[in-house]
Amino acid sequence: MTVRYADFRDIAIADFDAVVVGSGFAGAVCARELAEQGAMNVLAIEKRGHIGGNMYDEYDRAGILVHRYGPHIFHTNDRAVFDYVSRFSPWTSYQHRVLADWYGTYLPVPVNKTSLEIAFGDEKAARLIDKLIATFGDERKVTINELRAQADPELAEVADFVYENVFLYYTQKQWGLTPEEVDPSVTARVPVFISRDDRYFQDEFQGMPVEGYTRLFENLLGHDNITVCLDTEAESVFELVFASGDEDAPLSAIRIKDEDFTGPIVYTGPLDELFLARFGRLPYRSLDFVYETFDEDHHLPCGTVNYTVSEDYTRITEFKWLTGQTGSRTTIMKEYPRPYDDPSSQIPYYAIIDDDNDARYERYRRLTDALPNFHPLGRLAQYRYFNMDKVVADALAASRRILASGEAASTGSPS
């Protein structure tokens with residue numbers, strides 16, 4: 001079934017049992033579950049001019065299927081999640097591989113046995129690999145902190161090499177930090193893979209939707225009980241009603257088209273934007289993308305190359321590796337991290353997590369605590385980074401909770 005679209009100005013809110021804000025995985029899965037399992041009429045509102053959130057893809061002028069908001073490779077060890085998304089698209093068997101451009105030489109990332117041979121030469125690498133296996137075992141991932149904790153200086157040398165040549169400059173670019181500002185707790189988790197497995201992910205299930213993510217979302221949202229309104233911002237169509245005039249007073253109701261809406265509202269956008277940044281904006285890192293098309297089969301040796309010691313951009317993705325397309329032209333995309341300064345023109349990609357930002361987020365979240373039908377869900381609404389499979393799993397769980405609670409809409413102005 002095709003997606004049922006409508007102009008928000010033409011809908012009657014009394015016709016709907018639930019409202020979902022956003023059409024990425026969090027919103028789209030909830031919309032589908034409430035419509036399908038709960039027989040609810042669901043209104044999905046989306047601020048962009050398309051569905052699919054950051055997973056949106058489309059064909060460019062060269063006929064290449066490109067991801068408009070950065071590369072998205074689905075991977076999971078959760079059989080139930082994979083079975084669920086497989087209802088809406090068949091999947092390829094694509095296995096993602098990443099190389100680091102190390103002064104013009106390519107190293108597999110995460111660093112593995114092959115990377116060590118390229119970086120240190122066969123003889124020294126053989127000695128290092130033997131030590132790694134003897135200390136940690138074969139086919140294991142170890143962190144650079146674990147390496148540095150060993151008495152052997154050569155294992156510390158491996159840790160230092162990975163930190164300086166794979167992690168440090170890339171992280172500085174990604175987060176806009178100086179070396180001194182790089183969080184030691186993040187550094188501690190940087191892995192070395194004692195293996196020949198050069199895949200970026202080792203999950204049991206991974207791949208790409210055969211016809212692309214946009215088609216998957218069309219299938220996901222294509223249900224008789226779902227209506228989608230594009231170019232519709234929640235903050236412009238929700239009227240927030242607070243318990244008092246105090247700045248920290250909680251929400252007591254949300255009105256839509258002058259009517260209280262008491263059915264479930266699944267909100268997947270940024271909480272600070274919903275509340276018009278009354279406590280200040282939650283900080284994120286954003287990205288700029290630059291696309292280039294070449295008259296050649298492939299431009300890169302794999303799907304993604306990270307630039308860990310050079311360049312202003314962090315990585316280049318070549319989409320034909322991801323999608324399996326063939327042909328004599330190819331499109332690449334360079335990613336330039338940027339501060340998130342202008343919500344009207346930029347996309348918030350990565351939450352900047354620290355104690356102060358967590359506290360500010362919690363202040364926003366507490367505004368919603370007294371409204372039992374309001375459900376913040378997903379990366380933006382929860383101010384956390386989640387992989388796609390985690391978002392799908394959380395959306396399925398949230399939908400079950402909503403349906404079990406018996407929430408139902410009762411619209412209309414109070415007497």
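Let's start with how this chain folds back on itself. Among contacts in the protein with a separation of 6 or more, 74% are between residues 24 or more positions apart. Keep in mind that this is a predicted model.

Now the overall build. The protein has 14 helices and 21 strands. Its C-alpha trace spans about 85 × 50 × 35 Å along the principal axes. What about the radius of gyration? A compact globule of 415 residues would have one near 22 Å, and the protein has 24 Å, which agrees.

Of the 415 residues, 53% are buried. The accessible surface comes to about 18200 Å². Carbon and sulfur atoms own 47% of that surface.

Charges, quickly. There are 41 positive side chains and 67 negative ones. How far apart do the centres of the two sets lie? They lie 1 Å apart.

Let's zoom in on helix 3, residues 113–120. Which of its residues are buried? They are Lys113, Ser115, Leu116, Ala119 and Phe120. These five cover an arc of only 155° around the axis, so they sit on the same side of helix 3. Here is the background. An α-helix has 3.6 residues a turn, so residues three or four places apart point the same way.

What covers that buried side?

Pro110 is in the loop between strand 7 and helix 3. The peptide bond joining Val109 and Pro110 is cis, with omega about 0°. Most peptide bonds are trans. Have a look at this one on the screen.

Now to the start of the chain. Phe8 is in the segment before strand 1, which runs over 18–21. Buried or exposed? Phe8 has 12% relative accessibility, and the cut-off for buried is under 20%, so Phe8 counts as buried. What does Phe8 touch, beyond residues up to four places away in sequence? The list is Leu43, Ile45, Cys229, Thr232, Val237, Ile256 and Lys257. Phe8 and Ala44 are 36 residues apart along the chain, and their C-alpha atoms are separated by 10.0 Å.

Two residues with a positive phi come next. Most residues other than glycine have a negative phi. Take Glu311. Its phi is near 75°. Glu311 lies in the loop between strand 17, at 304–306, and strand 18, at 315–318. With a relative accessible area of 36%, Glu311 is partly exposed.

Then Tyr383. Its phi is near 50°. Tyr383 lies in the loop between helix 13, at 379–382, and helix 14, at 388–405. How much relative accessible area does Tyr383 have? It has 0%, so Tyr383 is buried.

One last residue. Tyr385 is also found in the loop between helix 13 and helix 14. Tyr385 has 48% relative accessibility and counts as partly exposed. Leaving aside neighbours within four places in sequence, Tyr385 is in contact with Tyr350 and Arg379. From Tyr385 to Ile353 is 32 residues in sequence, and 9.4 Å in space, C-alpha to C-alpha.

That's my tour. Over to you for questions.

Note on methods. Residues are numbered from 1 along each chain as its sequence is written. This is a predicted model: local features need pLDDT of at least 70, side-chain atom pairs count only at pLDDT 80 or more; totals for chains, interfaces and linings use all residues. Side-chain values use heavy atoms; hydrogens and water are left out. Helices (H or I, at least four residues) and strands (E, at least two) are DSSP runs, numbered from the N terminus. The radius of gyration is taken over C-alpha atoms; the globule rule is 2.2 Å times the number of residues to the power 0.38. Buried means under 20% relative accessible area, exposed over 50%, partly exposed in between (1.4 Å probe, protein chains only). Contact means heavy atoms within 4.5 Å. Accessible areas come from the Shrake-Rupley method with a 1.4 Å probe; for residues, only the protein chains shown count as cover. Lys and Arg count as positive and Asp and Glu as negative; His and the chain ends are not counted. The place of a charge is taken as NZ of Lys, CZ of Arg, CG of Asp or CD of Glu. The arc is that of the directions from the helix axis to the C-beta atoms.
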